[in-house]
Amino acid sequence: MHLFFLCLILGVSVAVPPQEKRVHHQRDLSDHAHDDVHGFQYDHEAFLGKEEAKTFDQLTPEESKARLGKIVDRIDMNKDGYVSHDELHHWIKHRQRRYIEENVDKHWKDYDQNKDGKIAWIEYKNTTYGSYLDDSSNDLDNKESYQRMLRRDQRRFEAADKDGDGIATREEFTAFLHPEEFDYMKNMVVQETMEDIDKNGDGKISLEEYIGDMYSPEAGEGEPEWVTTERKHFQDARDMNKDGFLDASEVALWILPGDVDHADNEARHLIHETDKDNDGRLSVDEIMEKLDVIKVSTITDYGTLILENHDEL
């Protein structure tokens, strides 16, 4: 799914990066498609975390192994020299929670302008949009786009604001930034997803709109295998009533499957890809041998995993 919701325009004061304004349809393991045929970037960010994965990409193989060794030591909670499924699952969930906490921390001080420990809608609006909407010199089309984004932000803020007082507590602000993590925000996640993908505004998602949100073919390019697979998923699994479209209830089952634990799935996948002797656990040597997989995984991301400076993960 495209994660860009807010396109920044020069001269506007915006605290939240554009890629963070779009609802995440899965837990924040990675922004990349899980496609091992064309690379292991999903696994990289799942194991390392998104920010740490970026750091790893800039390291030499020797530096990567040294840093990865420190991470593996932290994952190995019982210090038996191996990483079990439970330890790996716990680590990925832990990094996911830390990513969300750090993301909220990163923006809290920018939005809480009066430093009262809460964020009012007016504070968020002023920080995000500034005076841009009132400036008559700005491009009309851009202004209309910002008006739409403002209305959408306000609708989500009001949904997150459980007591309706126009002021977000830390929990409510977390629900605003990460609505997929809160049961009472799930309808908002579905609604925004429908609006993003339903290009013709008929209240349902066609196969063409579904594929178009993921893939834009280039001239003369054959359709990749993963796109063909997604077409099949749409027809066989997503379109429950077989009418050729996805309605809101079908979208909810797709993007918010209540019984799917993405961290558990990723832990199992990483063990499957890395467990050379098939004993159901990972040794340090096995992990090091599969550096191409781990280097592009969630274990090493979820927040800013700076090993030189943090003692508490």
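Start by selecting tyrosine 215: with a relative accessible area of 12%, below the 20% cut-off, this residue is buried. Keep in mind as you look around that this is a predicted model.

Tyrosine 215 sits in the loop between α9 (207-212) and α10 (225-238), while tryptophan 226 is in helix α10, so the pair ties together parts eleven residues apart in sequence.

Next stop: helices α4 and α7. Select residues 85-111 for α4 and 170-177 for α7; their axes come within 10 Å and cross at roughly 110°. That makes α4 roughly perpendicular to α7. Where do they meet? On the α4 side, look for residues including Ile100, Val104, Trp108 and Tyr111; on the α7 side, pick Arg170, Phe173, Thr174 and Leu177. The residues of this contact split into six nonpolar, three polar and three charged.

Stay with the rings for a moment and select Trp108, Tyr111, Trp121, Tyr124, Phe157, Phe173 and Phe176: ring pairs link them into a cluster.

Last, go to helix α6 (residues 140-160) and find arginine 156. Is arginine 156 buried or exposed? It's buried, with a relative accessible area of 4%. Follow its side chain and you'll see where it goes: arginine 156 reaches the backbone oxygen of phenylalanine 176 at 2.8 Å.

How values were computed. Residues numbered from 1 in each chain as written. Predicted model: local features only at pLDDT ≥ 70, side-chain atom pairs only at ≥ 80, totals over all residues. Heavy atoms only, no water. Axes fitted to C-alpha atoms, helices over the stretch in contact; angles between N-to-C directions. Helix = DSSP H or I, 4+ residues; strand = E, 2+ residues; numbered from the N terminus. Parallel < 35°, antiparallel > 145°, perpendicular 65-115°, else oblique. Contact = heavy atoms within 4.5 Å. Nonpolar A, V, L, I, M, F, W, Y, C, P; charged D, E, K, R; others polar. Buried < 20%, exposed > 50% of the residue type's maximum accessible area, 1.4 Å probe, protein only. Polar contact = N/O pair within 3.5 Å; in protein donor to acceptor, adjacent residues only side chain to side chain. Phe/Tyr/Trp six-rings, centres within 6.5 Å; stacked < 30°, edge-to-face > 60°.
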